[in-house]
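Subject: Structure for you to look at

Dear colleague,

Please find the structure below, with the sequence. My notes on it follow.

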Amino acid sequence: MTNPGDSTAVIMAAGMGSRMTDLNTECPKALLPVGRYPMIYYPIRTLEKSGFAEIIIITRQSCQAQFASALTPGMVPVKAKLEFLGISDQEDAGTADSLRLIADKVKTNALVVSCDLITDGDLLDLMSVHRKNDSSLTVMLSQLPTAITADTVVPGFKAKQKNNLGEKISIGFEYSNVEHVVYWKAQVDMEDELVAFSKKFLNRFPCARIQSSWTDCHVYLIRDFIIKYLKDKGELSSLQGELVPLVVKKQMSTFHPAKLQEEAGMDSPNGDLKLDKKKDLVDYAGETCNKLSHTIKSLSLTSPNFGSNEDAAQKDLIRCYAYRQTSGFCVRTNTIAAYAEASKQMPRLTSQFFLPKQTAFQNVPENTIIKPKSQVGADSMLGENVEIGEKVSIKKSVLGKFCRVGDGVKITNSVIMDDVSISQ
C-alpha cells in the first residue's frame, strides 16, 4: 500500500483536551463520540478519501490499547492500515515532540492532521498547492469554524469558556499571491496591537495582507528536511507555536554553500559534528537542493538563481503556502461549543464520511425500539440499541448508544452521550 506523493500521514491524538475537561475525564478526547463514531474516525476518513492507505496515529502509551480497540474494523468502517505509536504519559510532550517519533519514516513529506478536525474538504487540494509552489510547508486554513460555531448554544450547565486567544493567529499573505504565507504570529504574543516589520521583510514583501480571520486547522504538509531539522533540534515543542512561525520567518534567509563548507573545515578536520550546532534551517534546505536541481534553476530565466554557479548564495529555498477551505464544513472540535455543533450537524453529513457501499446508512438504526406516537426528526441521529418510550419527540439532537428515553420526554437541540436514561 502506498500514499499519495509517498507522503507519511500522521494523526496527532495525544492531547489532553484541556478545553473539554467536562467530557473527557474518563475518555480520551479523540475517542469522544461524534454522531455514531469516535471523533478520530473523521480525520481518518478524510485521509482515506484523499487516497491514503497507511496512517500513523500518535497517542499516549496509557491509551494506546484503547485506541486500537475502538478503531478495529468491527467497530468503525476503516479500510486504511493504522499504526499506533505511544508517547510517555510522564512527558509533557507537544506536537513537535510527537512528530519526532516518525522522523525516520518520512521519505518526502509528512501530512500532519489533528484528531479533532472534522472537514469535508479534500486534502488532495492542499497537496496540489504544496506541489504547485514547490512548498516547504503548506498549512490548511479556514474561516468556516468561526462562522459555524458563532451562534452555537452550549448544552448542559452554563460555564465560563476558556479564553481562546492563544488559538488566534495573525497571518500575512503576499499581496500578489494569496496562497503565499509571509507572516505568522499568535495574537497572544502581540503587544499593544503593534506589528513591527524588519527592513529586510519590507524589502522582500513591500505589500502584504495581515489577517486574523483565518483559523489554523492544524493540518500541515511538511517537507522531509524540516522533519530532519526538527529531529536534530530538540528544543522545539509545538508545531503551531514554534515550528510554523520559524519556517515562515526563515523564508527571508539565504543559503551560502561556500560559507558552510568553510565553517565545516574550520570546526572539524573530518566533518560536521561541531557544525551541526551551528546549522540553520536554511542549511538543511540547501542540503536537499542537489547539484542537478541547482543547475536547472541557474538556467531558468524565471528563477532568482539564474546565471549563478553552484557556490553562489541561494534564495527562496524555503517557501510557505496555505490551502484555504472556503466552502463546505470544517470544524475543530476542541471546545465544548464546537463539539456540540459538530455532533448536531452529523445527521446531514453522513454521506460525506461513509464508504460508498454504506449507502443504506440510517440515522435511526434497525435495532432501535420506538414505541407508538413517538417522533424522531430527520435532523436527529440515534446510536445503536436505543429505546424510545411513548409520545417522545426528538428534534435536532444526537443520542449515543444504549440510551433510554421515557414516555412523554421532549428532546431538542441536544447531544446525549452513551448509556444515558432520561425520564420526566
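How do the residues of the lining of the largest cavity divide into nonpolar, polar and charged? Seven are nonpolar, three polar and one charged. In this count Ala, Val, Leu, Ile, Met, Phe, Trp, Tyr, Cys and Pro are nonpolar, Asp, Glu, Lys and Arg are charged, and the others, Gly among them, are polar.

Before the rest, the basis. This is a predicted model, in which local features need pLDDT of at least 70 and side-chain atom pairs count only at pLDDT 80 or more, while totals for chains, interfaces and linings use all residues. Residues are numbered from 1 along each chain as its sequence is written, and side-chain values use heavy atoms, with hydrogens and water left out.

Overall

The protein has twelve helices and 24 strands, taken as DSSP runs numbered from the N terminus (helices H or I, at least four residues; strands E, at least two). Of its 424 residues, 50% count as buried. Buried here is under 20% relative accessible area, exposed is over 50%, and partly exposed is in between, with a 1.4 Å probe and protein chains only. Taking contacts (heavy atoms within 4.5 Å) between residues at least 6 apart in sequence, 66% join residues at least 24 apart.

The cavity

There is one cavity of 30 Å³ or more, with a volume of about 50 Å³. A cavity is a set of points on a 1 Å grid over the protein atoms alone where a 1.4 Å probe fits but cannot get out, and lining residues have an atom within 4 Å of a point. Points are joined across faces, edges and corners, and the volume is the space filled by probe spheres set on them. Among the lining residues are Pro33, Gly35, Tyr339, Ser343 and Asp418. At least two lining residues come from each of α12 (336-349), β20 (398-399) and β23 (415-416).

The cores

A nonpolar core is a set of buried Ala, Val, Leu, Ile, Met, Phe, Trp, Tyr and Cys residues joined through side-chain atoms within 4.5 Å. The largest has 57 residues, of which Ile40 and Ile57 touch the most other members. Helix α12 gives the most to this core, with six residues. A second, separate core of 47 residues includes Ile56, Val112, Leu236 and Leu281. Leaving out residues up to four places away in sequence, the contacts of Ile40 include Ile11, Ile57, Phe67 and Cys115.

In α10, six of the eight residues are buried, and Leu281 is one of them. In α7 (residues 224-232), the buried residues are Phe225, Ile226, Ile227, Tyr229 and Leu230. The elements that they pack against include α3 (95-99), β12 (215-223), α8 (239-249) and α10 (281-288).

Two serines

Ser374 sits in the loop between β15 (369-370) and β16 (375-376). Its relative accessible area is 17%, so Ser374 counts as buried. A polar atom of the Ser374 side chain lies 2.5 Å from the backbone oxygen of Gly389. Beyond its neighbours within four places in sequence, Ser374 is in contact with Ile388, Gly389, Glu390, Lys391 and Val392.

Ser423 is in the segment after β24 (421-422). With a relative accessible area of 59%, Ser423 is exposed. Residues up to four places away in sequence aside, Ser423 touches Gly406 and Val409. Its C-alpha atom is 6.1 Å from that of Val405, 18 residues away along the chain.

Regards

Technical notes. On a 1 Å grid over the protein atoms alone, a cavity is a set of points where a 1.4 Å probe fits but cannot get out, and a pocket is an open set with protein on both sides within 12 Å along at least five of seven lines; lining residues have an atom within 4 Å of a point. A polar contact is a pair of N or O atoms within 3.5 Å; within protein, one must be able to donate a hydrogen and the other to accept it, and residues adjacent in sequence count only if both atoms are side-chain atoms.
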